[in-house]
Amino acid sequence: MSRANHPHAGYITHHFAASGTDIATLSAFLAELVATDPRNVLPEGDNPPIWEAPAVGIAAASDPLFATLKQPGVVGPIHVDADHWLTGAKSVVSFFLPFSREVKKSYDKHARLPSLEWVSGRQNGEVFVNVARRALARYLQSQGGRAVVPTLQRHYQAVDLIPMWSERHVAFIAGIGTFGLHGGLLTEKGAAGRIGSVVTDLDLLPTPRPYTGVYEYCPWVTDGTCGACIARCPVGAVHDTGKDHQICLTNGRDHIRPAYAAWGYHSCGHCQNNLPCTDGIPAAKKAGSRPLTALT
Ligand code: SF4
Ligand code: SF4
């Protein structure tokens, strides 16, 4: 095979010695990418890593929960199935990339503003999330399948903040984690991170969902304890029934963007740092009781 036709040629230069499409091999592929790719660094300071090894899951494209995502109040009618992105889709691989110890450690518990490492990681780290999405697609292609990244397709869009492919909900279906009061995903690798997904026509073995409730890992929703993210939000965007996205966006625009104007950064992360769910599933987790249709 010529270098130009090699599945890893071009933008993705990662090489991986093993082969296979089981969950252990896909996890090892992404872990090695995170550990070795030179793009996984902050541009500032001593260039610490932005991300650590992800939690990975696989959903069957035929999982009936995908149809549920079209319901108003879950994601909405704008949401599409996996075969919208790839005719004959059989599986969706999902991953949650946790922020590195260096980024999380930099987040001062008592400061009103996020750290420079955080705001930089949120913005510059998105480049690497796309590297990981594309690398995973290329790897699946190298294993004999077709694979696409929904969020990188030209017609992908979100209307009024509602996406036609919600990677958070896909991760829930793939068994990676449940939602928390603050709206983020609570996973074995914490809640401070970003999510990616790839659709493929390879018939992969789905990973089990070790939960049934949409908020099963969040003790506030299951039994009224914790609630730490309510007090942690500096502008009152997290309340006892969820998160107000408009108030959250206004905080980024009015407070953080001006403070980091010289850098061009703007992302708050108070409700992902210094909380019981920051580094893992809260110890106080209880069995959930809400059906998927209760998700907003
Ligand atoms: S801080 Fe507590 S209440 Fe908020 S999402 Fe995390 S576990 Fe749930
Ligand atoms: S990101 Fe910041 S402003 Fe937005 S809900 Fe979380 S703590 Fe509040």
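How do the residues of the shell around ligand 2 divide into nonpolar, polar and charged? I counted seven nonpolar, four polar and two charged. Here Ala, Val, Leu, Ile, Met, Phe, Trp, Tyr, Cys and Pro count as nonpolar, Asp, Glu, Lys and Arg as charged, and the others, Gly among them, as polar.

I noted that this is a predicted model, where local features need pLDDT of at least 70, side-chain atom pairs count only at pLDDT 80 or more, and totals for chains, interfaces and linings use all residues. Residues are numbered from 1 along each chain as its sequence is written, while chains are lettered from A and ligands numbered from 1 in the order in which they are written.

I looked up the shell itself: 13 residues surround ligand 2, each with its C-beta atom, placed from the backbone, within 6 Å of the ligand. The closest are Cys233, Cys248, Cys268, His270 and Cys271.

Next I turned to strand 8, residues 193–200. Strands (E, at least two residues) are DSSP runs, numbered from the N terminus. Eight of the eight residues of strand 8 are buried, so the strand is largely enclosed by the rest of the structure. Buried means that 20 or more other C-beta atoms, placed from the backbone, lie within 10 Å of the residue's own. Gly193, Ile195, Ser197 and Val199 point one way, and Arg194, Gly196, Val198 and Thr200 the other.

I then checked its partners; strands pair if DSSP finds at least two bridges between them. Strand 2 (residues 91–98) runs antiparallel to strand 8, with eight bridges, and Ser91 stands opposite Thr200. Strand 3 (residues 147–148) pairs antiparallel with strand 8 over two bridges, and Val148 has Val199 as its bridge partner.

Technical notes. A residue is buried if 20 or more other C-beta atoms lie within 10 Å of its own, exposed if 12 or fewer, and partly exposed in between; C-beta atoms are placed from the backbone. Helices (H or I, at least four residues) and strands (E, at least two) are DSSP runs, numbered from the N terminus.
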